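Colleague: I am new to this structure and would like to go through it slowly with you. Could we take it one question at a time?

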Amino acid sequence: TIEDRSVEESIIFTQQPGKPVIIKGNSSLFKASNTYSIANANNSLFLIAPLTGGDISVSGLNIDGNNRVLGYTVDTHSIHGILVYKSGELPLSVDISSNTITDTPSSSIVVYDPQKGSIKSNECRSSNFHGVFIKRGKEVVISNNTFEGIGVAGGVTYGGIGMLADATQKIILEDNFVCEFSDTGTKTEGCSDVVYTNNIVHDCGKDGIKVQGKSDQPSEPQRAVICGNIVKDLHPTRSDGSTLIQVSDMKFVTVSNNVLSNDFATTGSNRYGIRTYNHSSGAVGQAGFVSVTGNNITSCASDSSGFESINVIGNAGGGHTHTINNNMCYSSIRGGDGFGDCTISGNILGARSSLSTSLLGSGISSGGKNNVITGNSIHGFERAIVVSVLSPRDLDLSATITGNSITGITYRHFDVGASTEASTTIAIAITGNSCSDFTQSEDSLIRLRIPDIDWMSCVVSDNSIAGYYRTIIEFYQRTTELLGKFSIS
């Protein structure tokens, strides 16, 4: 048990063989002195260096990194608040709880190789790098913490990530509050069995919640659940895009019941609410089997901003299944990877504000092998539903578009078929849709694109149509190949 002191250099606790390390601060203040020295690369105000397996417990410390006076940057001075550092596979259990850590030149909490870890009820503010960083962990829970960075206003481009885990298996991040990190709010990289639940992430720089693979890992990570989180108000400073929730190169993903909002006022390309994708084209089995359900995604961006509420694509083979159901979206949904099934149903899409009467692009775009688009409400886009073959692609394409309610479209309701890279067979059913409030008289309601294909069947029936149209159905054929079987009724 330790008392207040001014810290001139790293306080090192070396574990004795067979003994635990238990540090109880009792709210004692430890402040880096104005002449704090750096002794090694793994510097920290509190450095725990385990020699054998056992329990590590750190609680009740009040640590002030004093970086307002020191003026260090993470590039030159790696000074953490609490660091548990070791190498090897020791049976190490780490519990870091109820500490207050402020103004650290680098990260607030860093833990290497915990075999079991708990980071709980800590308050970490003005971190100049990461709030917490876990590397090569197993069975880690990060819960009920506050992580606050140095902000993203005023052109700040350095800084870190609120919660970061690397190559960790079975990690739960729940009930945390994360804000003001100039990179990403929270990120797991190369981790399997990831659960994000009930976190609040706001006012960070690039992305909100991110789950991704690593190029140097032997196999792709699997299983992530991102549920019940609130993510809002990103301020991207980089040109490579920004996403409120992003998952890449990962199998078996559920994103559900999250509340997302952003105005994306800062310039940046490829802005998304929820996005899943692969980095490697054609890498079979690298990502997929994604379910995105029950999310509320709003945006205050201008109608020309290019914001997509949901973007679930693959760029890889393997018959991946994408399910996008019952979401409320300010703007568009894109799904399908050219191979697997894609179901998009029960979603509400489109601008409902009196200030936003029309959004650019398509309400729903799908490029799976078997596409089912049913029971959606779509309002205020140029196009309502587009189904098109993607590359890489399977040989067959089918689309069932039924029971959708579509209003306020300015160009075309349905655009279905193939590009110049056509499939061999296509089956299309457009039935039981309600189309109204359509005032564009220069184009067709339905366009069926038929380049170099043999249509298996095409049924267009029982749709309710009210508005001003040049043409109800247009068959757009580029070749003299057989058209197949049609039923229009």
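Colleague: Is Ser345 buried or exposed?

Modeller: Please keep in mind that this is a predicted model, in which Ser345 has its place in strand 34, covering residues 341-345. The relative accessibility of Ser345 is 14%, and the cut-off for a buried residue is under 20%. Ser345 therefore counts as buried.

Colleague: Which residues does Ser345 touch, not counting residues up to four places away in sequence?

Modeller: With sequence neighbours up to four places away set aside, Ser345 still touches several residues of the chain. These contacts of Ser345 are with Ile324, Asn325, Asn326, Thr374 and Asn376.

Colleague: How many strands are there in the chain?

Modeller: Strand 34, which holds Ser345, is one of them. The chain has 1 helix, and its count of strands is 49.

Colleague: What share of the contacts between residues at least 6 apart in sequence join residues at least 24 apart?

Modeller: The chain has 489 residues, of which 54% count as buried. Taking the contacts in the chain between residues at least 6 apart in sequence, the share that joins residues at least 24 apart is 69%.

Colleague: How many salt bridges does a search of the whole structure find?

Modeller: Side chains of opposite charge can pair when their charged atoms come close. When the whole structure is searched, the number of salt bridges found is 15.

Colleague: Are Glu123 and Arg125, which form a salt bridge, buried or partly exposed?

Modeller: The closest N and O atoms of Glu123 and Arg125 lie 2.9 Å apart. Glu123 has a relative accessibility of 33% and Arg125 a relative accessible area of 29%, whereas a buried residue would be under 20%. Glu123 is therefore partly exposed, and Arg125 is likewise partly exposed.

Colleague: Which residue meets Arg412 in a salt bridge, and which residues do salt bridges with shared partners join into one network?

Modeller: The partner of Arg412 is Asp415, at 2.7 Å from N to O; Arg412 is buried with a relative accessible area of 1%, and Asp415 counts as buried at 7% relative accessibility. Elsewhere, salt bridges that share partners make one network, and the residues joined in it are Asp64, Arg68 and Asp103.

Note on methods: Residues are numbered from 1 along each chain as its sequence is written. This is a predicted model: local features need pLDDT of at least 70, side-chain atom pairs count only at pLDDT 80 or more; totals for chains, interfaces and linings use all residues. Side-chain values use heavy atoms; hydrogens and water are left out. A salt bridge is a side-chain nitrogen of Lys or Arg within 4 Å of a carboxyl oxygen of Asp or Glu. Buried means under 20% relative accessible area, exposed over 50%, partly exposed in between (1.4 Å probe, protein chains only). Helices (H or I, at least four residues) and strands (E, at least two) are DSSP runs, numbered from the N terminus. Contact means heavy atoms within 4.5 Å.
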